[in-house]
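User: I'd like to learn how to read cavities and helix packing in a protein model. Could you walk me through them?

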Amino acid sequence: MFILAIQVGHNSSVCLYKDKKLIYYNQEERLSKLKKDGGLPILCLDHIKKITPKIDVALCTGYDPIYSATFIYNYLLRLSLIEKNNLTRFLHHSHHLMHASKAYFSSGFKDATIVVVDGRGSNYHLSNGLQGYETTSIYSIRYPDQFNALYKNIYAPNYKLEKTEITFEHDVPSISENTKFKITSKHDLGHMYTSVSNYLGWPDEEGKLMGLSAYGKPNLKLRNNMSEDDFFTNNYNINSKYKIDNKEDLAFETQKYFEDKFCDLIDKYKNINKNIIITGGTGLNVVNNYKLKKYFKNNNIYVDPLCGDEGNSIGACQHYLYTIQGNDSFEKVTSLYLGPVYDLNIKENIKKSSFNEVIDLLLDNKIVALYQNKAEAGPRALGNRSLLMNPSLVNGKNIMNSIKGREYFRPLACCVLEEHAEEWFDLKYSPEMMYAATAKEKTKKIVPAIVHEDNTCRIQTVNKNQNKNLYTLLSLFYEKTKVPILMNTSFNLKGEPIVETPEDAVSVLKNSKINYVYFPDENKLITLY
């Protein structure tokens, strides 16, 4: 049986299970080259047609269930992937429920409280004739029971909501008479953060706001303004009547407000279950994640590394399998290395090489792209589509940001040998870069290129089982320098998604000052001068 799920509307993606095994996953942006592509994943579906001519079960998830389901159903008919009279199921599920499903089955927990927070989720019809949409959802689950929605915050841009009720919703499998709904016109966590990002000119790039926050300082006037009901507008922005004098302070106060409110939210639900799962787009706020991990030490905090909307197609497949089978015996997603494998057919400027030659280039302060096997899902480069650099270079951050076309305040991440992580950072395990850990005193002195203004760094801890080739490079670098760390940032340029194919990799070299890309699976190095 082939089970297909499609995420559409934002960060579109496609997931395909054959019986209980995941056999295909990809994000449309990697193929279309449109960063965060939210359209119908046509190019991914072309890949599906090469795998199987027919689908038995089709699933979809997005913001508008009625529109999404109709649109996708008709498109799959046109592709002849489904037939009107020969389809086991065609289902649409709530955006937040799919976030929760994806995160839960990757967490390893059997029971948990799941916190979903993002800019927006599925639409909800209201009794006043308007529509709202989910922004925060709290679920509980105890295996083998189903997901149970405890709480939902519904944002509706209308100030007269006293007697407004939900008249139609799409999270039916998890809703019960005990689900608490809050319908409000006040901006929620993710909505608020997005509004400030938009105000600063960074739509759908909230990571820039997080990076800038380290350069600001406390600003009581801004803090007071942010509590006003009309500070944020209904269309994701800041009311023009409020004059913002300092963007750095605005970023600082936004991050602090976000952290405080998120902490309050977790505090309300921390005693329901020791295991807490965090997902939704706000899970990418690595500064907040680290602080939650430190603050709630008595809880087991798991932040799903594929917490953005691109993970929801996986969640849809898993939720269907779990519901139909009544168990979780299907393949879980425990690794982010999910992309297709491509043949290396590049002929020009390519030669046999070795790990030691790559280390020599890094010691000569060259940037070397690392391209291997399957691309990482999500926005983090974890060694398969990475740009590596010597972190000891004093102006290394400026060099890398300049080459990638990034702003001066954007921090650079790193990869570090897992067995040495605690010697350099206040964290020993972070394989998917989900935490901005505090750097030890010696770290800023020895590897200044990867330490941010607030003395933190988003780290990827690496062991041999996780990524053998990256582990080898780190080990060799450590042997020669006594530094078990390399700068690690995504292999792409400004405004572009992470590279997908070897041809994409060469294209980046031709359009930048990056001169080397190493293919460890083939022991080959491409050099462009």
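This is a predicted model: local features need pLDDT of at least 70, side-chain atom pairs count only at pLDDT 80 or more; totals for chains, interfaces and linings use all residues.

User: Which residues line the largest cavity?

Analyst: The lining is made of Lys186, His187, Met192, Met226, Glu228, Asp229, Phe232 and Tyr257. By class, that is four nonpolar, one polar and three charged residues.

User: And which strand gives the most to the lining of the second largest cavity?

Analyst: That is strand E3 (residues 21-27), with three residues. The second largest cavity holds about 30 Å³ of space, and its lining includes Tyr25, Arg30 and Glu500.

User: Now the helices. How are two packed helices described?

Analyst: By the angle between their axes and the distance between the axes. Take helix H4 (residues 95-107) and helix H10 (residues 312-325): their axes come within 7 Å and cross at roughly 80°. H4 and H10 are therefore roughly perpendicular to each other. Among the residues making this contact are His99 and Phe105 of H4 and His319 and Tyr322 of H10. The contact of H4 with H10 has six nonpolar, seven polar and one charged residue.

User: At what angle do the axes of H8 and H9 cross?

Analyst: Roughly 40°, with the axes of helix H8 (residues 247-269) and helix H9 (residues 286-295) coming within 10 Å. H8 and H9 are therefore oblique to each other, and their crossing is right-handed. Phe258 and Phe262 of H8 and Leu292 of H9 are among the contact residues, which divide into seven nonpolar, two polar and two charged.

Terms used. Residues are numbered from 1 along each chain as its sequence is written. Side-chain values use heavy atoms; hydrogens and water are left out. Axes are lines fitted to C-alpha atoms, for helices over the stretch in contact, and angles run from 0 to 180 degrees between N-to-C directions. Helices (H or I, at least four residues) and strands (E, at least two) are DSSP runs, numbered from the N terminus. Angles under 35 degrees count as roughly parallel, over 145 as roughly antiparallel, 65 to 115 as roughly perpendicular and the rest as oblique. A crossing is left-handed if the near helix is turned anticlockwise from the far one by less than a right angle, and right-handed if clockwise. Contact means heavy atoms within 4.5 Å. Ala, Val, Leu, Ile, Met, Phe, Trp, Tyr, Cys and Pro count as nonpolar, Asp, Glu, Lys and Arg as charged, and the others, Gly among them, as polar. On a 1 Å grid over the protein atoms alone, a cavity is a set of points where a 1.4 Å probe fits but cannot get out, and a pocket is an open set with protein on both sides within 12 Å along at least five of seven lines; lining residues have an atom within 4 Å of a point. Grid points are joined across faces, edges and corners, and a volume is the space filled by probe spheres set on the points.
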